[in-house]
Amino acid sequence: MKLALVIDLGGTNIKYGLSTSKGELLYSDSVKTEAYLGKHAIVSKLLDIINLLIQKAVADGNTVSGIGFGSPGIIDSVNKCLLGLGNNLKEWSNINFQTEIGDIIKLPIFVENDANLAAIGEYHFGDGMNDLDFVMITLGTGIGGGVIKQNQIYRGSSFVAGEFGHMVVQMKGRKCNCGRFGCWEAYASCSSFQKYYKRQFNTFKSASQILTLYYDKLLSYREVCFVDEFFEHVLIGLMNIVNAFDPHYLLIGGGLSEAHSKFVPDLNDRLRNMLPYVHKQFEIKKASLGNKAALLGGAALVFSGENEC
């Protein structure tokens with residue numbers, strides 16, 4: 001059987017696996033990224049993962065057709081290069097994936113921004129299946145986005161489309177990992193939610209713990225105000241995206257989408273109250289593929305034979 005070797009590089013974890021052309025993951029696993037070790041260590045770890053997956057595929061009597069790879073940052077998917085802005089990964093910029101991975105492994109490699117890849121995965125195998133227009137938002141270590149317009153992933157004129165995490169929502173605001181101030185990511189990502197909770201209340205809680213206590217009405221008044229303010233930060237960005245693209249719906253992925261079952265429906269209700277003019281069919285939905293979306297997007301690229309939806 002022909003399989004796609006798929007990798008989703010994140011700021012915290014590297015997810016990887018082997019997928020069929022129908023979007024069935026026959027094998028998947030993850031390891032810590034250990035981004036603090038720098039670019040060369042990450043590339044070395046990726047090569048080890050790829051060799052491991054090839055060996056596993058061959059041992060099971062399968063062949064690998066190609067590599068579908070997702071990375072944070074601005075990706076030139078035509079020339080298979082990372083141009084920059086891999087802010088949650090140390091030194092993660094100016095990488096040519098063809099020369100550093102593809103030419104070494106001797107397999108076709110298809111490279112895409114991780115959030116774009118998640119949108120492609122949802123388009124082919126998930127809730128976005130064959131829908132003309134939707135926007136995928138990933139709320140995780142950072143914030144990414146993928147825009148499907150007229151059955152195509154929209155990359156923009158210089159591959160920067162969908163970098164919603166770096167929309168400025170507060171002039172002279174919090175410092176972002178990109179070096180600028182006031183980016184949406186610094187206010188509405190899962191990592192910022194946890195970071196500023198700890199800073200304000202002198203104790204660490206995961207996003208899941210905070211939201212569970214919030215919905216169970218077990219937080220103090222100050223903590224409730226903190227969570228409500230966080231919702232406002234998230235909604236500012238979502239409103240801007242809806243106003244800019246007028247999508248059929250928004251798909252929410254990333255760590256926050258998994259933090260509590262009520263989180264995404266709550267976002268939907270709050271946004272509809274703030275934007276009463278959106279069409280009745282508009283909805284914010286949890287991405288159906290969860291943390292497998294980018295992996296399956298990589299499979300779609302491999303089996304389509306090109307960096308297209």
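Visitor: How much space lies in the largest pocket?

Guide: Rolling a probe the size of a water molecule over the atoms shows where empty space is left. This is a predicted model, in which local features need pLDDT of at least 70 and side-chain atom pairs count only at pLDDT 80 or more, while totals for chains, interfaces and linings use all residues. Residues are numbered from 1 along each chain as its sequence is written, and side-chain values use heavy atoms, with hydrogens and water left out. In the largest pocket the space is about 910 Å³. A pocket here is an open set of points on a 1 Å grid over the protein atoms alone, where a 1.4 Å probe fits and protein lies on both sides within 12 Å along at least five of seven lines; lining residues have an atom within 4 Å of a point. The volume is the space filled by probe spheres set on the points, which are joined across faces, edges and corners.

Visitor: Which residues are the closest to the centre of the largest pocket?

Guide: They are G10, D114, G140, T141 and G254, out of 42 residues that line the largest pocket. By class, this lining has eleven nonpolar, 25 polar and six charged residues. Asp, Glu, Lys and Arg count as charged; Ala, Val, Leu, Ile, Met, Phe, Trp, Tyr, Cys and Pro as nonpolar; and the others, Gly among them, as polar.

Visitor: Which helix supplies the largest share of the lining of the second largest pocket?

Guide: Helix 5 does, with four residues. Helices (H or I, at least four residues) and strands (E, at least two) are DSSP runs numbered from the N terminus. Helix 4 (185-188) and helix 5 (190-201) each supply at least two lining residues. The second largest pocket holds about 190 Å³ of space, and twelve residues line it, with N177, A186, S191, S192 and K195 nearest its centre.

Visitor: Where is S189 placed, and is S189 buried or exposed?

Guide: S189 sits in the loop between helix 4 and helix 5. S189 counts as buried because its relative accessibility is 1%; buried means under 20% relative accessible area, exposed over 50%, and partly exposed in between (1.4 Å probe, protein chains only). Leaving aside residues up to four places away in sequence, S189 touches G140, T141, G142, I143, W184, F230 and L256, where contact means heavy atoms within 4.5 Å.

Visitor: How many salt bridges does the structure hold?

Guide: Side chains of opposite charge can pair when their charged atoms come close. The structure holds seven salt bridges, each a side-chain nitrogen of Lys or Arg within 4 Å of a carboxyl oxygen of Asp or Glu. One of them joins R155 to E112, with the closest N and O atoms 2.8 Å apart. R155 lies in the loop between strand 11 (152-153) and helix 4 and E112 in strand 8 (residues 109-113), so the pair ties together parts 43 residues apart in sequence. Both R155 and E112 are buried.

Visitor: What joins D228, D266 and R270 into one network?

Guide: D266 forms a salt bridge with R270, the closest N and O atoms being 2.9 Å apart. Both residues lie in helix 9 (residues 263-274), four residues apart, about one turn of the helix. D266 is buried, at 16% relative accessible area. Salt bridges that share partners join D228, D266 and R270 into the network.
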